[in-house]
Amino acid sequence: MTLQADLKTAQDRLAEYLAEARHAVAFTGAGLSTESGIPDFRSPGGLWTQNKPIPFEIFLAHRAARTEAWRRKFAMDAAFSSAKPGRGHLALARLIQDGQLSGIITQNIDGLHQASGVPPDALVELHGNGTYATCLDCESRYELDWVHTQFHAHGELAPDCPACGGPVKSATISFGQSMPQGEMLRASAMTRSSDLFIVIGSSLVVYPAASFPIRAKQNGARLVILNREPTELDDLADLVVRAEIGDVLAPFA
Ligand code: NAD
Ligand code: ZN
């Protein structure tokens with residue numbers, strides 16, 4: 001049965017669930033980072049309303065789309081490079097450190113879990129990482145500074161890979177791009193072994209990412225959804241908490 005809890009009840013219940021769990025896993029989305037000043041996708045004024053994402057096919061097909069993608073990326077990085085982990089990130093890092101949380105599966109690409117001290121083996125980045133770039137053909141890695149220099153050296157034009165001429169893209173997963181296999185496998189394993197699955201700050205509309213909470217629940221795990229707005233999967237959850245993430249998680253830090 002789904003319980004919609006007030007703040008204090010939710011914190012007590014969460015603490016109880018964590019104490020009872022052997023393998024608790026957190027599944028995080030853009031809502032976790034809004035407290036750090038990074039807009040999410042689907043909230044009013046979120047990134048989605050400002051710029052519809054560029055689908056992978058379009059990125060591949062047109063240099064103008066690649067150029068636009070890099071222009072947006074550099075603008076975002078300039079605005080958000082000073083973002084610091086929020087109360088939610090810090091609480092999750094602490095829970096990992098204390099062994100109360102086994103791992104985190106994140107849809108975020110902002111690096112704030114790492115910045116809060118979560119070790120790489122406890123973190124799965126389902127949608128990649130925005131701190132470097134790769135050639136989509138030969139997989140050579142390029143640093144963002146290099147891309148930035150090339151971009152401006154050619155009058156604001158997306159650069160190609162010097163090694164093979166392929167398109168260079170930030171190491172994140174776009175709509176329409178296939179998911180990273182290794183990360184999908186790690187996320188599946190984490191989900192299978194979890195007996196408590198805590199969704200934090202995700203609208204749960206992006207697939208296959210949103211299939212993980214469903215699989216956890218089907219596997220017998222308790223499902224908690226912490227999000228200020230209703231999500232697609234609230235009906236499945238054992239506990240739904242509609243509140244500010246930082247407020248709920250602050251005592252766990
Ligand atoms: P989303 O924008 O679809 O959903 C975020 C949810 O978080 C919303 O339902 C919103 O109500 C809730 N929320 C926002 N701030 C909150 C707060 N302080 N407390 C409680 N709830 C809050 O995000 P998604 O489900 O993660 O999907 C977005 C996709 O876009 C992901 O695939 C991700 O890769 C990408 N993205 C990443 C970032 C980032 O790395 N920080 C930012 C924007 C988008
Ligand atoms: Zn290449």
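Predicted model: local features only at pLDDT ≥ 70, side-chain atom pairs only at ≥ 80, totals over all residues.
**A cavity and a helix pair**

By class, the lining of the largest cavity is seven nonpolar residues, with no polar and no charged ones.

How many cavities of 30 Å³ or more does a search of the whole structure find? One. The space in the largest cavity comes to about 40 Å³. Going through the lining by name, we have Leu14, Leu18, Leu92, Leu95, Ile198, Ile200 and Leu249. Which elements supply at least two residues each of that lining? They are helix H1, residues 7–20, helix H5, residues 87–97, and strand E8, residues 196–200.

Now to the second item, a pair of helices. Two packed helices are described by the angle between their axes and by the distance between those axes. Here the pair is helix H8, residues 181–193, and helix H9, residues 211–218. H8 and H9 pack at an angle of about 30°, and their axes are 9 Å apart. Angles under 35 degrees count as roughly parallel, so H8 is roughly parallel to H9. As for handedness, H8 passes H9 in a right-handed crossing.

Which residues make the contact? On H8 they are Met184, Ala187, Ser188 and Thr191. H9 contributes Phe212, Arg215 and Ala216. Sorted by class, the contact of H8 with H9 has four nonpolar residues, two polar and one charged.

To put the two items side by side: the lining of the largest cavity has no polar and no charged residues, while the contact of H8 with H9 includes two polar and one charged. That is the end of my part.

Technical notes. Residues numbered from 1 in each chain as written. Chains lettered and ligands numbered in written order. Heavy atoms only, no water. Axes fitted to C-alpha atoms, helices over the stretch in contact; angles between N-to-C directions. Helix = DSSP H or I, 4+ residues; strand = E, 2+ residues; numbered from the N terminus. Parallel < 35°, antiparallel > 145°, perpendicular 65-115°, else oblique. Left-handed = near helix turned anticlockwise from the far one by under 90°. Contact = heavy atoms within 4.5 Å. Nonpolar A, V, L, I, M, F, W, Y, C, P; charged D, E, K, R; others polar. 1 Å grid on protein atoms, 1.4 Å probe; cavity = no way out; pocket = protein on both sides within 12 Å on 5 of 7 lines; lining within 4 Å. Points joined across faces, edges and corners; volume = space filled by probe spheres on them.
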